[in-house]
Amino acid sequence: MTGILGTGVGRSSGLKAVPEAAGGGLVLQVVKMSIAQANGTTSIPHDGTVPVSSEGTEVGSQTITLASTDSRVQVLGCPTFADKTSVAQNSMIISVFRGTTCIGGQVYDGNTPGGTSGKANSTSFNIIDSPSSTSELTYSVRMSILAGGTWYAGQSRHQNTEGDLGGILEDGVTLTELSS
């Protein structure tokens, strides 16, 4: 039997402690990146190329300095977004960068026949990065819309700057340093 339990689990049962089940390592630090309320009409091509740091619009960035060159960084997020288009198209591309290097991304395809635009959506990503550095690193998130129209980040409805639920809408990304 395999599974994940807290540390101190009896190993004879076959259950794994959390650090072991996650590939080893301990959490050394956690840093929060906020996703700003933003909007735009920028795009990232939905093709066979890796996004570049000049595509889309940056909606958040955060620095972190790792304790060891062997450390890994888990980039975990679930940003909220909406669009305002003339078609039922809530398709967004989210790219995650370390400096100018794209380390991952997500495409949310919200096409719904007969659907409407402007509804809130979210998509998640979980990226493990191995930067091999103890210098200050900057991670950033960039967003774009696939079809024509305007996208809105960090709010629950399009064109609603008060759509952040009174400031409690949790719309961020965590950077977690994991030892090797």
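These questions and answers walk through a predicted model of one chain.

Visitor: How many strands does the chain have?
Guide: Start with the secondary structure. The chain has one helix. Its strands number 14.

Visitor: What percentage of the residues count as buried?
Guide: The chain holds 180 residues. Buried means under 20% relative accessible area. By that cut-off, the buried share is 41%.

Visitor: Among contacts between residues at least 6 apart in sequence, what percentage join residues at least 24 apart?
Guide: Contact here means heavy atoms within 4.5 Å. Take the contacts between residues at least 6 apart in sequence. The share joining residues at least 24 apart is 77%.

Visitor: Which are the edge strands of the open sheet of four strands?
Guide: The order in this sheet is β3-β14-β6-β11, with antiparallel pairing. An edge strand pairs on one side only. That describes residues 27–34 and 125–129, which are β3 and β11.

Visitor: Which residue in β14 is the bridge partner of Lys32?
Guide: Strand β14 covers residues 172–178 and runs antiparallel to β3. Seven bridges join the two. In β14, Lys32 has as its bridge partner Thr174.

Visitor: Is Gln106 buried or exposed, or in between?
Guide: Gln106 sits in strand β9, residues 101–108. Its relative accessible area is 28%. Buried needs under 20% and exposed needs over 50%. Gln106 therefore counts as partly exposed.

Visitor: How far does the backbone oxygen of Ser124 lie from a polar atom of the side chain of Gln106?
Guide: Gln106 and Ser124 are 18 residues apart in sequence, yet their C-alpha atoms are 7.6 Å apart. Gln106 touches Ser124, and also Met92, Ile93, Ile94 and Thr123, leaving aside residues up to four places away in sequence. From the backbone oxygen of Ser124 to a polar side-chain atom of Gln106, the distance is 2.9 Å.

Visitor: Is Ser132 buried or exposed?
Guide: Ser132 is in the loop between β11 and β12. Its phi is near 50 degrees, a positive value in a residue other than glycine. The cut-off for exposed is over 50%. Ser132 has 54% relative accessibility, so it counts as exposed.

Definitions and conventions:
Residues are numbered from 1 along each chain as its sequence is written. This is a predicted model: local features need pLDDT of at least 70, side-chain atom pairs count only at pLDDT 80 or more; totals for chains, interfaces and linings use all residues. Side-chain values use heavy atoms; hydrogens and water are left out. Buried means under 20% relative accessible area, exposed over 50%, partly exposed in between (1.4 Å probe, protein chains only). A polar contact is a pair of N or O atoms within 3.5 Å; within protein, one must be able to donate a hydrogen and the other to accept it, and residues adjacent in sequence count only if both atoms are side-chain atoms. Two strands pair if DSSP finds at least two bridges between them.
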